[in-house]
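Welcome! Here is a short tour in questions and answers for anyone meeting this structure for the first time.

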Amino acid sequence: MEAFFCTVIETGIERGAFRKVDPKTPCWNLINTGLGFAMVTLNLSPFETFNVEDAIEFILRGLSC
């Protein structure tokens with residue numbers, strides 16, 4: 001998963017869509033968001049106020065130029 005997300009982020013940086021950052025930091029933010037969401041939703045009743053798409057969008061906006 002790390003290699004996949006790092007490649008996506010590196011490609012975004014090369015194309016000018018994302019600012020220059022160490023790709024591992026946002027990569028692991030995305031992975032942790034997905035893992036956390038999966039763990040919680042598998043073990044607890046669904047959250048009424050948490051939207052995983054919004055969380056991912058928040059991370060990607062932080063990368064935007």
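Q: Is Cys6 buried or exposed?
A: Buried means under 20% relative accessible area, exposed over 50% and partly exposed in between, using a 1.4 Å probe and protein chains only. With a relative accessible area of 9%, Cys6 is therefore buried.

Q: How far is the sulfur of Cys6 from the closest cysteine sulfur, and in which residue is that sulfur?
A: A disulfide is a pair of cysteine sulfur atoms within 2.5 Å, and a search of the whole structure finds 0 of them. The sulfur of Cys6 is too far for a bond with its closest cysteine sulfur: the distance is 3.8 Å, and the partner is Cys27.

Q: What kind of model is this, and how are its residues numbered?
A: This is a predicted model, where local features need pLDDT of at least 70, side-chain atom pairs count only at pLDDT 80 or more, and totals for chains, interfaces and linings use all residues. Side-chain values use heavy atoms, leaving out hydrogens and water, and residues are numbered along each chain as its sequence is written, from 1.

Q: Which pattern does the chain follow along the sequence?
A: Helices (H or I, at least four residues) and strands (E, at least two) are DSSP runs numbered from the N terminus. The chain has 3 helices and 0 strands. Read along the sequence, the pattern is α-α-α.

Q: Which residue forms a salt bridge with Glu2?
A: A salt bridge is a side-chain nitrogen of Lys or Arg within 4 Å of a carboxyl oxygen of Asp or Glu. For Glu2, the closest N and O atoms of the pair are 3.6 Å apart, and the partner is Lys24. This pair links distant parts of the chain, 22 residues apart, with Glu2 in helix H1 and, in helix H2, Lys24.

Q: In which helix do Arg61 and Glu57 lie?
A: The side chains of these two residues meet in a salt bridge, 3.1 Å from N to O. Arg61 is exposed at a relative accessible area of 59%, whereas Glu57 is partly exposed at 36%. They are 4 residues apart, about one turn of the helix, and both lie in helix H3.

Q: Is Met39 buried or exposed?
A: Met39 is found in helix H2. Its relative accessibility is 55%, so Met39 counts as exposed.
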